[in-house]
Amino acid sequence: MATLRVDSLRKEFDNGRIVAVNDLSLDVADGEFVTVVGPSGCGKSTTLRMLAGLEQPTDGKIFIDGEDITDVHARSRDVAMVFQNYALYPHKTVRQNMAFGLRMSTDLSSDQREEKVRETAAMMDIEELLDDKPNALSGGQKQRVALGRAIVREPDVFLFDEPLSNLDAKLRTTMRTEIQRLQDELGTTSIYVTHDQEEAMTMGDRIAILDNGILQQVGSPKHVYQNPVNEFVGTFVGSPAMNMLDVSVSTGDSVCLTNGDRFAYSLDGPVAQAVADAEVDSARLGIRPEDVAVSREPAESDIRAVVEVVEPIGSDNYLYLDLGESFIARVAADIEPTRGDTVGVQFDESDIHLFDTYGFSILS
Ligand code: ATP
């Protein structure tokens, strides 16, 4: 068990032409599970590789339990990494793969090693595979072995690098639950990298969102979802993505958001004060699809929109509406307008997100 602290970490490649990770600071509590998410090339793997000791930082420091391990060799760090491609030794059996890490990192007798491997194999439900070679295993089984190999070492910190990306959707969901169960059982401090925001949101105690090597926001999934600090986070987290519309802001007698001649939305709650304080005359209005209500008979005060596509997903329908820009509403399955219908659109002031022209939230 251990705390992990990352202090102003930076990694450059190509003599500084590429800044893969830029001034990243993060504190991870003992036993915490933090997911790191962001688009391809944002610096997730490089961050993890620096934590593992596989890449030397250009600047900054890494501490485990307060001890500076920035210059400690990978083999001497008490961390275990689980890779996307499993990274099993093809000529060793499952038992040998699992025992190998133990041999490298502890001074147990061979009987003790064997016992630990057996215990971990039981925990991972792979006992019957112990004498097989990786080639004989399915993707899911290989990933279980890779997890087992990490767990058997009882490291201070687990590092997961997109461990489920090579599995099919169903198996991915099963393994997600499995990893969460193991986390509950073992309570090991973990950093889990993924490009899948849903995976990051469902698995993390906290989620850290990276873009372009820069940490954008870190917080509980719920907090980040409800209070994105910028437009990037707002649209990256949540599916389908948050709707974004350009609006003009007027702050005379009342505060009003206007979208051309499509709508004028008067604000009178706490959002109005924040907008007035921000002193902007234009902004980006964000509304999540699940926060949009649609009525088939538009009321006087409703925003009117024409339905372009109705996409049923079983429990709900996604309505693609024409509001100048693409705008999606997630509504109950019994709201089934037809293409070309004009519907009424409503959303609560409390569900509004507003970003300035630089993309920063006006409301947080
Ligand atoms: P992905 O999700 O595609 O794996 P990522 O978020 O993990 O992406 P990184 O692999 O960390 O991103 O890469 C971050 C940036 O650093 C990218 O621009 C990448 O091209 C660059 N990079 C990574 N490793 C090297 C290297 N060894 N040499 C040069 N550039 C590199």
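Predicted model: local features only at pLDDT ≥ 70, side-chain atom pairs only at ≥ 80, totals over all residues.

The axes of α3, residues 110-124, and α4 cross at roughly 135° and come within 9 Å. In this crossing, which is right-handed, α3 passes α4.

Which residues meet in this pair? From α3 there are Lys116, Val117, Thr120, Ala121 and Met124. In α4, their counterparts are Arg144, Leu147, Gly148, Ile151 and Val152. By class, the contact of α3 with α4 has 6 nonpolar, 2 polar and 2 charged residues.

Let me turn to the second pair. Helix α4 covers residues 139-152, and helix α5 covers residues 169-186. Their axes come within 11 Å and cross at roughly 15°. Angles under 35 degrees count as roughly parallel, and therefore α4 is roughly parallel to α5. Here, too, the crossing is right-handed, with α4 passing α5.

On the α4 side, the contact is made by Gly140, Gln143 and Ile151. On the α5 side, it is made by Leu171, Met175, Leu182 and Leu186. How many charged residues does the contact of α4 with α5 have? There are no charged residues in it; the contact has 5 nonpolar and 2 polar ones.

Finally, I would draw attention to Ile151 of α4: it takes part in the contact with α3 and also in the contact with α5. Thank you for your attention.

Note on methods
Residues numbered from 1 in each chain as written. Axes fitted to C-alpha atoms, helices over the stretch in contact; angles between N-to-C directions. Helix = DSSP H or I, 4+ residues; strand = E, 2+ residues; numbered from the N terminus. Parallel < 35°, antiparallel > 145°, perpendicular 65-115°, else oblique. Left-handed = near helix turned anticlockwise from the far one by under 90°. Contact = placed C-beta atoms within 7 Å. Nonpolar A, V, L, I, M, F, W, Y, C, P; charged D, E, K, R; others polar.
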